[in-house]
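I opened this notebook to record what I looked up in one chain, going from the overall fold down to single residues.

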Amino acid sequence: RQPVMKQLRNNVIRAGLGALYFSGAHHLLRPLLSGVGAIFMLHHVRPAREATFQPNRHLEVTPDFLRATLSHLRSRDIDIVSMDELHERLVQGRFTRRFAAFTLDDGYRDNLDYALPVLREFDAPLAVYVASDFAEGTGRLWWTALEAVIARAEQIEVQIGNSALRLDATTPAAKQAAFDRLHDWLRALPGEHDLAREIAALCARHGVDMEALCHTLCLSWDGVKQLAADPLVTIGAHSISHCNLARQSEEIAAQEMAVSRTRIERVLARPVLHFAYPYGDREAAGMREFALAASAGFKTAVTTRPGMLFAENAGHMTALPRISLNGNYQDTRILPVLTSGAATAMWNGFRRIAAA
């Protein structure tokens, strides 16, 4: 049932974006809904892959789509700014020109190899939020590991609660259904250690080396240094282990923020003032986390809640919304819709701000 719903949701979003585009409604709505700016969220930037089974496709865009997005913003005379500058404009209420910031989560090698060269073409700043375990090479990219497990399996046996499940993984559609089922189960497990245990068992059973995945996909500390050496780049923190902070005790959540920051500062010998919540949705970042990020001394913290920026966001600097550049919707026609704010306004029931 779940995969059907997910497919339906993607189709509804795509149709909604299309309807806004073709009706031209986004032109009318722009002055009302576009706010003062936007923060764009990305993960991987790399050439498209061939495989039919790509359940994490939403987390990657091609260099060309990033280039098209930047061209679109420039054509609309929108300033592309760093997170420091974005913070300053919000605090000072400087809204004569609209602005946009680019943020990339996790700290992937392709950010250096593919994203930075494109952003350089436009002299566009970017912020990369590094999960410190990923840079150490010990991180658990469990969603990627799960993809690797299912990609090579014909069937998957797993114990969920009291029931032993046997999931078919013989066709791309079956693989996608198995991925959706297991992804939702893993994300809903009560503790980080439960998730660690279950994904480790799956990887062991199917011969997937999670540490090798981390090394292959993520920037090492040397890579982070290389990225940070570019004046366009701001390095932010993204927790130690990429855990769901809302599920941790207050003490552990605070530690995940503070220690990840300290580790990055030690490597780069510069202050780290910006944070991104892992997962970043309502289940992973709420009022308590917003307060913790503020008391940890971060100037800004970004969520994955969809939304444009409005003057009111200045009062909620550690609960900033973002616009996802989603790999499922790499159609240049939707760019004016995304920057009009119409899509996120529909998503948010036309509430301007969702910081609670």
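**Ground rules.** I am working with a predicted model, in which local features need pLDDT of at least 70 and side-chain atom pairs count only at pLDDT 80 or more, while totals for chains, interfaces and linings use all residues. Residues are numbered from 1 along each chain as its sequence is written, and side-chain values use heavy atoms, with hydrogens and water left out.

**Whole chain.** I looked up the secondary structure and noted 15 helices and 12 strands in the protein chain, where helices (H or I, at least four residues) and strands (E, at least two) are DSSP runs numbered from the N terminus. Of its 356 residues, 56% count as buried, buried being under 20% relative accessible area, exposed over 50%, and partly exposed in between (1.4 Å probe, protein chains only). The chain exposes about 15,300 Å², of which carbon and sulfur atoms supply 54%; these areas come from the Shrake-Rupley method with a 1.4 Å probe, and for residues only the protein chains shown count as cover. For contacts (heavy atoms within 4.5 Å), I noted that among those with a separation of 6 or more, 73% join residues 24 or more positions apart.

**Cores.** I then looked for nonpolar cores, meaning sets of buried Ala, Val, Leu, Ile, Met, Phe, Trp, Tyr and Cys residues joined through side-chain atoms within 4.5 Å. The largest has 58 residues, and those with the most contacts inside it are Leu66, Leu70, Phe102, Ile235 and Tyr277. Helix H5 (residues 109-121) gives the most to this core, with five residues. Apart from it lies another core of 37 residues, including Leu59, Leu141, Trp142 and Ala284. Leaving aside neighbours within four places in sequence, I found Tyr277 in contact with residues including His238, Met257, Phe290 and Thr318.

**Strand E1.** In strand E1 (residues 37-42), six of its six residues are buried. Gly37, Ile39 and Met41 are buried on one side, and Ala38, Phe40 and Leu42 on the other, which leaves both faces covered. I checked its pairing (at least two DSSP bridges between two strands) and found E1 parallel to strand E5 (residues 99-106) over six bridges, with Leu42 opposite Leu104. E1 also pairs with strand E12 (residues 320-324) in the parallel sense, over two bridges, and there Phe40 has Ile323 as its bridge partner.

**Pro321.** Staying in E12, I looked up Pro321, which counts as buried because its relative accessibility is 10%. Its C-alpha atom is separated by 7.2 Å from that of Leu309, 12 residues apart along the chain. Beyond four places in sequence, Pro321 touches residues including Ile39, Arg305, Leu309 and Asn313.

**Helix H7.** Eight of the 11 residues of helix H7 (residues 142-152) are buried, so the helix is largely enclosed by the rest of the structure. Among the buried ones are Trp142, Trp143, Glu147 and Ile150, and the buried residues of H7 pack against E5, strand E7 (155-160) and helices including H8 (172-188) and H9 (192-206).

**Ser241.** Last, I looked at the loop between strand E9 (233-237) and helix H12 (250-268), where Ser241 is found. Is Ser241 buried or exposed? Ser241 counts as buried because its relative accessibility is 16%. Its side chain makes a polar contact with the side chain of Glu256 at 2.8 Å; a polar contact is a pair of N or O atoms within 3.5 Å, where within protein one must be able to donate a hydrogen and the other to accept it, and residues adjacent in sequence count only if both atoms are side-chain atoms. Not counting residues up to four places away in sequence, Ser241 touches Asp133 and Glu256.
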